[in-house]
Amino acid sequence: MAASYGPRALACVLTGTGSDGTMGASAIKSRGGTVIVEDPEHAEFKGMPESVVASGSVDFVLPLGEICRRDLWIGGGQATMTKPEVENTEDQDLEDLLAFIRDSRGFDFTGYKRSSLGRRVRKRMTDVGMDDYVDYRDRLESSAEEFRHLFDTILINVTDFFRDADAWSFLQSDVVPELVASLDPSEEIRVWSAGCSSGEEAYSLAIIFAEILGAEAYLNRVKIYGTDVDEDALREARAGLYSSNALKGLPEDLRKNYFEPSGTQFAFRSDLRRRVIFGRHDITSDAPISRLNLLVCRNTMMYFNVETQSQIIERFHFALQEGSHLFLGKAEMLLSDGNRFEAVNMRQRIFRRRPGDVWTANHTASIKLSTMAATSMWGSTRNVRWAIWPSRKRRSRCCGSTSTASSPDSTASPARCSG
Ligand SMILES: C[S@@+](CC[C@H](N)C(=O)[O-])C[C@H]1O[C@@H](n2cnc3c(N)ncnc32)[C@H](O)[C@@H]1O
């Protein structure tokens, strides 16, 4: 098949034991074909899909439901890079609503997967007793408050300290020590938690670095950026105050060493908090933070469609220094057919950025990332160093106010928006 059909061949490996399919997938990939694999996390038997994924001869890792998508099978997988099809009137109504939200409020949800997004929009409409999209749009037009409620319903802020303990353990035992050993003791360590929600992930990173480096070196060297689009979540993150319930999964010694009682709550240690900087940042449109040693983006990318995920990964590749690590969520997968990332630990979703090409203007998403399942506002940050991200005029509007900003370059300050 690989020899006869070359780039027109398409293979799909589903549940099964052993390594059947791996050699075939390699043959098809080596001749430019497309390989789709059932997400091992969802497969009844993980062996076959895992074996193909480990070989790297794969373009898409998807849950069964998504493998059935028609656009995946047309044109040797190329069609996945196009917008999802609009299948019925309700879908068209949703598209119109998303376009309205983008144009009037500057929040672009068009890159989010339609299935869960549609469910959430409909949930909010039901909550306010509406079933007509046009009526709901009128409501949004006249009520900033309703827009905030919708935004809260769409953005899922579920998080935890050291969420998925095994993966964090590997980060602490293998990745961070290697990172630290690779740098001169005087060098800065730059870490980004993208989609940080209310801050638990960023503070988990602070704890790991403080544990490994000691508090003094941590304070001298480490800078952790925590970003999200959700201002309410960021407010909580900046406060760094958590209930005893939120800390209950932490070992006693970490709770004692890193949190101080504050009224009925617990505050993350104020000295260490100084090195954790929170700001608003949209991973789909804002210029990435640059020269990173570690980028953590967990349980966020899975909300986006394949095309948007590819664009995000392109930004992340640009943001990371060569050899640095990218840590994704359990339900997320990154696959490289451009040799840009290698899997360090596939099970824990930890990847290393390979040396080489950073950005070409016409680069068309050679990374395919699949899931299994405005403008920046830097509250307290000064001297944020921005990468030279390809300049592009961007119109952004936040909570009603409009600003025009080109992507930041190494000298520009990030645009602000006080909405
Ligand atoms: C489920 S939480 C994940 C939190 C944390 N990373 C974790 O794994 O525990 C997803 C977060 O992604 C944020 N998010 C959604 N869209 C985003 C975007 N375009 N840019 C940045 N953050 C986004 C949401 O506001 C939410 O806080």
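1. In what sense do strands E1 and E2 pair, and over how many bridges? Strand E1 and strand E2 (residues 34–38) pair in the parallel sense over four bridges. Two strands are said to pair if DSSP finds at least two bridges between them. In this pair, Cys12 stands opposite Ile36 in E2.

2. Residues are numbered from 1 along each chain as its sequence is written.

3. Confidence is expressed as pLDDT, the predictor's confidence in each residue, from 0 to 100. The mean pLDDT of the chain is 80, and 76% of its residues reach 70 or more. Over residues 76–87 the pLDDT stays under 50, and the model has 24 contacts for them beyond four places in sequence. The pLDDT is also below 50 over residues 391–419, a stretch with 61 contacts in the model beyond near neighbours in sequence. Two residues are in contact if their C-beta atoms, placed from the backbone, lie within 7 Å. Where pLDDT is low, the predicted coordinates should not be read in detail.

4. The chain contains 16 helices and 17 strands. Helices (H or I, at least four residues) and strands (E, at least two) are DSSP runs, numbered from the N terminus. Of the 419 residues of the chain, 42% count as buried. A residue is buried if 20 or more other C-beta atoms lie within 10 Å of its own, exposed if 12 or fewer, and partly exposed in between, with C-beta atoms placed from the backbone.

5. Another open sheet of three strands has the order E6-E8-E7, and its pairing is antiparallel. Its edge strands, E6 (241–242) and E7 (259–262), each pair on one side only. Strand E6 pairs with strand E8 (residues 265–268) over two bridges, and Leu241 stands opposite Ala267 in E8.

6. Strands E13 (residues 341–345) and E14 (residues 350–353) pair in the antiparallel sense over four bridges. Here Glu342 stands opposite Arg352 in E14. The hairpin of E13 and E14 has four residues between the strands, and Arg349 takes a positive phi near 60 degrees.

7. Most residues other than glycine have a negative phi. Asp164, although not a glycine, has a positive phi of about 70 degrees; Asp164 lies in the loop between helix H9 (144–154) and helix H10 (165–182). Arg291 has a positive phi of about 55 degrees and is found in the loop between strand E9 (276–280) and strand E10 (292–297). Asp164 counts as partly exposed because it has 16 C-beta neighbours inside 10 Å; Arg291 counts as partly exposed with 13.

8. Which residues come nearest to the ligand? Of the 23 residues around the ligand, they are Thr159, Gly195, Ser197, Arg298 and Asn299. A residue is near a molecule if its C-beta atom, placed from the backbone, lies within 6 Å of it.

Note on methods
This is a predicted model: local features need pLDDT of at least 70, side-chain atom pairs count only at pLDDT 80 or more; totals for chains, interfaces and linings use all residues.
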